[in-house]
Amino acid sequence: PLIEWIEKNRPGYFKTLKSMVKSGQVEILSGGFYEPILSSLPEKDAVGQIKMMNDWIKKKFNTTPRGAWLAERIWDSSLPTVLAAAGMEYTLLDDTHFQYAGLSEKDMFGYWVTERHGNSVAVFPIDKFLRYSIPFKQPEETLEYWHRAAEKYGAIGVTYGDDGEKFGVWPETNEWVFGKKWLERFLQMVTENDELVETVTCSEYIDRFPPNGRVYLPPASYEEMMEWSLPTEVSKEFKGIIDRLEAENRKQEFSRFLRGGQWDNFMVKYEEANQLHKKMLYISKRAETAAAKSKNAGKNDAVRRELYKGQCNCPYWHGLFGGLYLSNLRHAVYAHLIESGKLIDGIMHRGKKWVEINRGDFFKNFSEDVAVETSDLFVLMDPAYGGTVAEIDYKPASFNISNVLTRRPEAYHGKIQDAARNNHGEGEILSIHDRVRMKEDALETKLLFDSFLRRSFMDRMLGSPPTPEMLRTDQAVEKGDFADGRSKIVSAQKIDNSAVVVLSREGTLKTEEGRLPLKVRKTYRVDANVPKLACEYMIKNSGKTAARFTLAVEWNFTLLAADADDRYVTVGKKRFKMNSAGSDDSVKSWSFTDEYFRFSVKLSSSRPVRLLRYPIETVSQSEDGFESNYQGTSFTGLVDIDLAPGKTYSHKFSIAPHPLH
């Protein structure tokens, strides 16, 4: 993504870089063009991303790349096949990858060869000392390290590879690297010690020296990433073990046996990451179908480019960086996937009004889901999770209005609570292990967590009418088992150019006398002629006593901005910002509007409801400190129900997005 910006906005940089390539000072690495986690992609897309980069490098710099950089240095045993298919000879990985394979400190120099099904690739171990000392320690410390390594192991190749943002983008690094001339001093030190240090490219090293031998590496990334990917409670335990070993100065002794999870665990830890990933796979499959139908290379290339942009890794995970927690990053990737889907629609349907019903295991959890597509909408229904709607895309705006993150406890939340208890002031404390910086006051008051995923058309049956604050703090008393209970698909069919999907669940309501049987039948209708999603509820009391409860139907939506003047909620004649909280009585329709992206969404109710709304905020860490993030706005329609035995209550809601003119 950055290289296209540089090409457009800083063309002089390319001129300099091209001359350095020609002189042999620089070797350009390939990799996935839009920075995907290659191991998470279908093999065809992974190879395609690298070949796109290869072609671009050849065109811009008149050179053929031999090696590839892996995003976040994430390794999987499938990658030798992918890299070889894309013409790559080598890649660089953290030395910890090699330690997990059983190699020792003396084996972390030069390079090794690995293979999969006969496809071989060279792998260079990136030296951890260099990764942590450059540019954070004085240049002389790196020189001393090279002296020690040379004396201990003889003539060796030491590999350094790291993220460019450490040189000026990370907090305080710009002044250190450039203002205090760290980079100039480091390069001067290397130049003055050319009897010890010769800088060479990876390709030059391969051409001059043989490999150390063969190695098979387990799935891994850098040490911190593997800790972040663990479930929260396990991550706390793992960090505790690491801290104890460091305090006893024994971590190095056990390091090769200490490893966290793997990158794929993020799709277990965060259902939103899994959903985003599975949406990407869904679009990739549709792109393959469209390519088989279309012989227009230009259209197919456009579909593929938007798909590849939607594979950029940034919002698929979370650690020290905002990642998944940043709604603008999730939105960007969703927008590209939606754009790719729209181009596919043009190939498959040629502009007609149409509707598709796709039944299958969308979430890849051995459950059948229903995805409905029209020219205007993509609607994903999850029968296994309360018959809720997991995603609503308004295609004309390329906008997923349901792109909302659930509030979860994180291992690092303990640092915020400790800082609040210790009251060190000025938003910062320094501990023996970590520097804790608060970007705003009283963050600990926002550490609220959800009992359910943030879905829409979620059916909650409460003991009494809640306030917005009770819902925001998750204090409402649940009496039913419908919110996340499993529904069955009764039918899914096309009727009058609409998709009609009927879901049903037989559950219970908790009463003083025991569990009262209820049946909830939801009939979704997605109209192909106009962008509209409707849901009709039929709630039947199957018991022998009256069912008394507050029905709370919940929707969660986002327009990205919390308090921008051009994004707002309208109830009657009153207008509110998206991050406002409040309630309104006897509401039959309301809307939320985005003047920036030029669309509005109207919600309607067949009966008056009491409408509650409140903002959803998470607390996360970023490289610059701890911060809160607005994730979306929750709307809940309340109706008090007193249902006699054998009787049925009906209620209809609809969602209708439309463009602003």
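Which residues does P80 touch, not counting residues up to four places away in sequence?

## P80 and its surroundings

P80 touches W75, T114, E115, R116, N119 and V121, once residues up to four places away in sequence are left aside. Keep in mind while looking at this that the model is predicted. P80 itself sits in helix α4, which covers residues 79-85. Is P80 buried or exposed? P80 is buried, with a relative accessible area of 1%, under the 20% cut-off used for that label.

For a sense of distance, take K180, which is 100 residues from P80 along the chain. The C-alpha atoms of these two are separated by 42 Å.

## Helix α2 and its two faces

Helix α2 runs over residues 11-23, 13 residues in total. From first C-alpha to last it reaches 19 Å, close to the 18 Å expected at 1.5 Å a residue.

Which residues of α2 are buried? They are F14, L17 and V21. These cover an arc of only 65° around the axis, so they sit on the same side of α2. The cover over the buried residues of α2 includes α1 (2-9) and α3 (43-61). Turn to the face pointing away from that buried side, and you'll find K15 and K22, which are exposed.

## How α15 packs on α16

Now for a pair of helices: α15 spans residues 271-293 and α16 spans residues 297-309. Their axes come within 10 Å and cross at roughly 170°. Anything over 145 degrees counts as roughly antiparallel, and α15 and α16 are therefore roughly antiparallel to each other.

Which residues make the contact? On the α15 side there are M280, I283, S284, A287, A290 and A291, and they meet N300, V303 and L307 of α16. By type, the residues of this contact split into 7 nonpolar, 2 polar and no charged.

L405 is in the loop between β9 (399-400) and α18 (413-422). What does L405 touch, if residues up to four places away in sequence don't count? Its contacts are E272, L324, Y325, R330, R454, I616, T618 and Q631.

N265 makes a handy reference point here: L405 and N265 are 140 residues apart in sequence. In space, C-alpha to C-alpha, the two are 17 Å apart.

Most residues other than glycine have a negative phi, and most peptide bonds are trans. Some spots in this model are worth checking against that.

Where is there a cis peptide bond? One joins I134 and P135, with omega at about 0°. P135 is in the loop between α6 (128-133) and α7 (139-153).

E172 isn't a glycine, yet its phi is positive, about 75°. You'll find E172 in the loop between α7 and α8 (173-179). At 63% relative accessibility, E172 counts as exposed. S398 is another non-glycine with a positive phi, near 50°. Its place is the loop between β8 (388-394) and β9. S398 has 7% relative accessibility and counts as buried.

Definitions and conventions
Residues are numbered from 1 along each chain as its sequence is written. This is a predicted model: local features need pLDDT of at least 70, side-chain atom pairs count only at pLDDT 80 or more; totals for chains, interfaces and linings use all residues. Side-chain values use heavy atoms; hydrogens and water are left out. Axes are lines fitted to C-alpha atoms, for helices over the stretch in contact, and angles run from 0 to 180 degrees between N-to-C directions. Helices (H or I, at least four residues) and strands (E, at least two) are DSSP runs, numbered from the N terminus. Angles under 35 degrees count as roughly parallel, over 145 as roughly antiparallel, 65 to 115 as roughly perpendicular and the rest as oblique. Contact means heavy atoms within 4.5 Å. Ala, Val, Leu, Ile, Met, Phe, Trp, Tyr, Cys and Pro count as nonpolar, Asp, Glu, Lys and Arg as charged, and the others, Gly among them, as polar. The expected span of a helix is 1.5 Å times one less than its number of residues. Buried means under 20% relative accessible area, exposed over 50%, partly exposed in between (1.4 Å probe, protein chains only). The arc is that of the directions from the helix axis to the C-beta atoms.
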